Amino acid sequence: MTQPDFATLVSRWFQQHARDLPWREPGTTPWAILVSEVMLQQTPVVRVLPAWQAWLARWPEPAALAADTPAEAIRMWGRLGYPRRAVRLRECAVAIVDRHGGQVPDRLEQLLALPGVGTYTARAVAAFAYGQRHPVVDTNVRRVVSRAVAGEPDAGPVTRPADLVATEELLPIEPAAAALASAAFMELGAVICTARSPRCTACPVESVCAWRASGQEAPAGPTRRPQRYAGTDRQVRGLLLGVLREATGPVPHQRLDQVWTDDVQRARALAGLVQDGLVEPADADSFRLVGDGPSQPTADLTT
């Protein structure tokens, strides 16, 4: 079976069985697709859906977000996780306005130059928003290609240049067909060729899958050990950010002290939020979300 046939099989399956997701609807703007791709990083679809809809209702285009404050972006991000993405997305909106007249660029090199836009996101926007031929490689795609083509049960924890090459070799030459195949590969890995419980009998390429032919089983354990959350600095950061996000003004240090009893860990988490550009001192004794008021000198966070 030739490589285009592989893409054709998966694309046909996708056209019949793809999940009905709003960012896949015809007419979805490049900005809306960019927002979806940023939100979907390390976050399940079910959590992204309401956040994506609320975000675009408030900021339907980059200029609207660029004109608002970083603090409002952080507030709207809510509990979606990894809130630095909100700040970077606003920085991206500002760059789009300043460099590209408020329109998400369609050239890969220009997308890669935007703040917070990496290899995956740039190629995803180029493919899904503009119908271009680029290998769009996330964890799901790497797993599909690793199993079906290389015969390996797992692709490893990080994307390598070889993964881009292997995926591109599977894409049809025609750009629109390649963009469809990219979406199809991703969907196949997300709902059929899953990491621990693949549904091989429902897979459109079962008959040509090298891993299936090898008879190997899926790995029993995770590729990467799940990160502990309870009691970590991540949890403390989330608690601190929750208080600041819900406040209508600066939050006194004493109020933040009530969030976590371990003084050293709490101070470290607060310092990390400041360093990451999410929080700033409002004065010597209070803090706020970044951009919620005039800038102040950095406070001593060790006391």
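1. Helices (H or I, at least four residues) and strands (E, at least two) are DSSP runs, numbered from the N terminus.

2. Basis of the model. This is a predicted model, in which local features need pLDDT of at least 70 and side-chain atom pairs count only at pLDDT 80 or more, while totals for chains, interfaces and linings use all residues. Residues are numbered from 1 along each chain as its sequence is written, and side-chain values use heavy atoms, with hydrogens and water left out.

3. Two domains. The chain is divided into domain 1, residues 6-214, and domain 2, residues 233-289, with bounds that come from an automatic or database domain assignment. The C-alpha centres of domain 1 and domain 2 lie 33 Å apart, yet 9 residues of domain 1 are in contact with 11 residues of domain 2, where contact means heavy atoms within 4.5 Å.

4. Area between the domains. The size of an interface is often given as the accessible area lost when the parts come together. Here the area buried between domain 1 and domain 2 is about 920 Å², and carbon and sulfur atoms give 58% of it; buried area is the accessible area (1.4 Å probe) that two parts lose on being put together, summed over both. On the domain 1 side, Ile74, Arg75 and Arg84 lose the most area to domain 2, together accounting for 52% of what that side buries.

5. On the side of domain 1 that touches domain 2, α5 (70-77) and α6 (84-100) each supply at least two residues, and the largest share, 3 residues, comes from α5.

6. The sheet. An open sheet is formed by 3 strands in the order β1-β3-β2, with antiparallel pairing; two strands pair if DSSP finds at least two bridges between them. The edge strands, each pairing on one side only, are β1 (251-252) and β2 (279-283). Strand β3 (residues 286-289) pairs with β1 over 2 bridges, in which Val251 has Phe287 as its bridge partner and Pro252 stands opposite Ser286. The pairing of β2 with β3 runs over 4 bridges, again in the antiparallel sense, and Pro281 stands opposite Phe287.

7. Not counting residues up to four places away in sequence, Asp285 touches Val251, Pro252, His253 and Gln254. Asp285 and Val259, by comparison, are 26 residues apart in sequence and 16 Å apart in space, C-alpha to C-alpha.
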